[in-house]
Amino acid sequence: MKQKNEQIHTTRLLTYLLIGLIGVLGLVCLYYGSSVAPGSRRYDDTDSRLDGSDPVFGGFSRNRDLVDFLDEQGYYLEVPKSIPICDMKYSELIPCLDRNLIYQLKLKPNLTVMEHYERHCPPPERRYNCLIPPPKGYKIPIRWPVSRDEVWKANIPHTHLAQEKSDQHWMVVDGEKIKFPGGGTHFHYGADKYIVGLAQMLKFPGDKLNNGGHIRNVLDVGCGVASFGAYLLHHDIIAMSLAPNDVHENQIQFALERGIPSTLGVLGTKRLPYPSRSFELAHCSRCRIDWLQRDGILLLELDRLLGPGGYFAYSSPEAYEQDPENRKIWNAMYSLLKRMCWKVVAKRGQTVIWSKPLSNSCYLKRDPGTLPPLCNSSDDPDASWNVSMKACITPYSARMHKERWGGLLPWPQRLTAAPPRLEEIGVSSEEFHEDTKIWHFRVIEYWKQMKSVIQKNSIRNVMDMNSNLGGFATALKDKDVWVMNVASVKMSARLKIIYDRGLIGTVHDWCEAFSTYPRTYDLLHAWAVFSEIKERGCSLEDLLIEMDRILRPDGFVIIRDKQSVINYIQKFITALRWDGWLSEVEPRTDALSGGEERVLIARKKLWTDGFMT
């Protein structure tokens with residue numbers, strides 16, 4: 001009997017051990033199986049490697065339930081001690097605007113409509129898993145406002161624009177620096193004089209283009225090195241300076257290095273990532289855009305983006321040359337804009353300025369069948385992420401305030417006043433003002449955290465990666481910075497409030513790379529961004545590498561998120577070389593707090609060729 005009991009006990013013990021072993025093997029299979037699941041990263045393909053550097057994040061696309069369980073228990077899988085450095089040839093890589101990728105994936109974009117300058121992002125298995133190195137001899141950028149006029153040549157070692165545009169005074173090479181005299185293709189004698197000239201054409205008081213604060217947001221298409229936008233800042237006007245990564249491929253890189261608000265983009269086939277009625281003035285100075293193509297679809301995109309009574313300043317040979325070809329283009333453009341109900345308000349020398357109508361009345365008086373047609377009532381004029389342009393006129397909604405500038409107060413009052421379009425997103429004026437107060441306090445706390453390391457003018461280019469209503473940017477109003485406010489696709493309707501406040505921003509999906517050059521921002525603020533992309537199944541590690549790509553050496557990241565997310569990110573700080581300075585605190589709870597939060601602030605080290613300096 002005793003022997004039989006011992007046999008039963010031994011059998012049960014073996015059974016329990018076998019069940020435990022099966023459970024462990026099941027977890028291992030679940031984990032490793034996820035790394036080769038469809039849509040996850042794989043590194044058995046030589047194309048996904050970079051010049052022989054070892055892949056680091058190959059096993060990170062794994063079962064999220066397992067990860068969450070282990071996170072809760074305090075375990076972390078495969079956190080690297082180091083991250084490889086990309087080859088130097090990738091020092092200016094823009095993953096979603098990489099024309100080499102178009103060739104490798106055998107895509108066939110339509111070159112005549114600029115599709116090759118639009119976003120084409122690499123699939124997950126082809127994303128770069130290494131840190132982008134700075135060019136040889138890179139220096140900490142010259143600080144604003146001196147940077148408006150000069151930058152280090154080593155930081156952007158491209159001088160072809162200085163040679164090609166030497167007669168137009170875009171830029172001049174001077175020893176170790178590249179200097180910017182303020183010229184442009186159409187304003188050889190300086191953007192400042194050109195801006196005064198536009199104000200005089202419009203008969204604005206005091207020859208001030210801001211017109212008493214009523215003109216604040218400007219869209220400058222084909223902006224070159226953004227000298228027009230640079231000199232607008234003195235007039236309390238902020239321009240979204242826009243240019244593609246084309247034959248002048250470093251023009252936006254120079255603009256951002258100078259500390260001027262600018263971004264990569266093109267008037268191609270997709271809407272620009274901005275809501276309707278975002279700008280009071282659009283500007284094109286010899287921007288080399290065929291405005292008549294595809295039934296005037298590009299002018300109709302400008303029409304969507306301009307507010308009631310907004311202006312389009314156009315400086316180009318078609319506006320003044322008398323030869324047959326230019327007269328033909330001018331007549332066709334004039335006819336199209338007349339059918340769009342635009343009016344010429346001023347014409348002088350080489351420049352003409354049109355204005356958009358204040359209401360729908362002109363549209364309703366057009367003859368039946370007049371082209372371009374009005375857009376369908378079901379079309380959302382504010383939808384802009386990966387949305388094709390439409391060759392139709394965007395009429396004003398019934399709720400639109402029928403007055404110039406859409407009922408907005410002049411700058412700077414509009415920054416803190418509740419804008420009329422709040423009702424369109426279901427936010428009350430009380431909630432709006434509460435949001436502003438909360439972010440004012442939060443930013444004060446951030447700066448207290450950084451006061452021991454932050455220096456005067458050390459921060460110029462700022463990105464708020466989850467801008468909500470623009471409270472973070474508003475709280476920085478007394479600092480000499482500009483903010484790129486980024487709205488997620490899910491919250492893109494709120495971007496119109498950003499523009500109504502006199503700020504600028506864009507829509508973006510943080511599961512993809514941002515359309516900017518490496519090393520272009522001094523401060524990245526990420527509030528609940530990691531939690532949001534984690535819920536969608538996107539890679540936190542990809543986002544960390546992307547943030548490192550666009551962050552300047554000596555720049556700061558402020559990450560505000562759940563405790564578990566912050567704990568996870570902490571494990572990567574050394575590998576990312578973000579341990580130049582580090583602070584983590586538990587912030588005060590407020591109305592915007594999403595449960596238990598932590599604030600992590602880290603500073604990126606300057607390193608070259610894999611070595612810290």
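Predicted model: local features only at pLDDT ≥ 70, side-chain atom pairs only at ≥ 80, totals over all residues.
The buried residues of helix α16, where buried means under 20% relative accessible area with a 1.4 Å probe and protein chains only, are Leu540, Glu541, Asp542, Leu543, Leu544, Ile545, Glu546, Met547, Asp548, Arg549 and Ile550. That is eleven of the eleven residues of α16 (residues 540–550), so the helix is largely enclosed by the rest of the structure; helices here are DSSP runs of H or I with at least four residues, strands are runs of E with at least two, and both are numbered from the N terminus.

Residues are numbered from 1 along each chain as its sequence is written, and side-chain values use heavy atoms, with hydrogens and water left out.

What do the buried residues of α16 pack against? They pack against β11 (461–464), β14 (521–527), α15 (529–535), β15 (551–562), α17 (563–570) and α18 (573–576), with contact meaning heavy atoms within 4.5 Å.

Turning to the rings, a search of the whole structure finds 21 aromatic pairs, where rings of Phe, Tyr and Trp (its six-membered ring) pair if their centres lie within 6.5 Å, with planes under 30 degrees apart counted as stacked, over 60 as edge-to-face and the rest as tilted. The rings of Phe279 and Tyr499 have centres 5.2 Å apart and planes at 65°, so this pair is edge-to-face. Because Phe279 lies in strand β7 (residues 279–285) and Tyr499 in helix α14 (residues 495–500), the pair ties together parts that are 220 residues apart in sequence. Both Phe279 and Tyr499 are buried.

Technical notes
Buried < 20%, exposed > 50% of the residue type's maximum accessible area, 1.4 Å probe, protein only.
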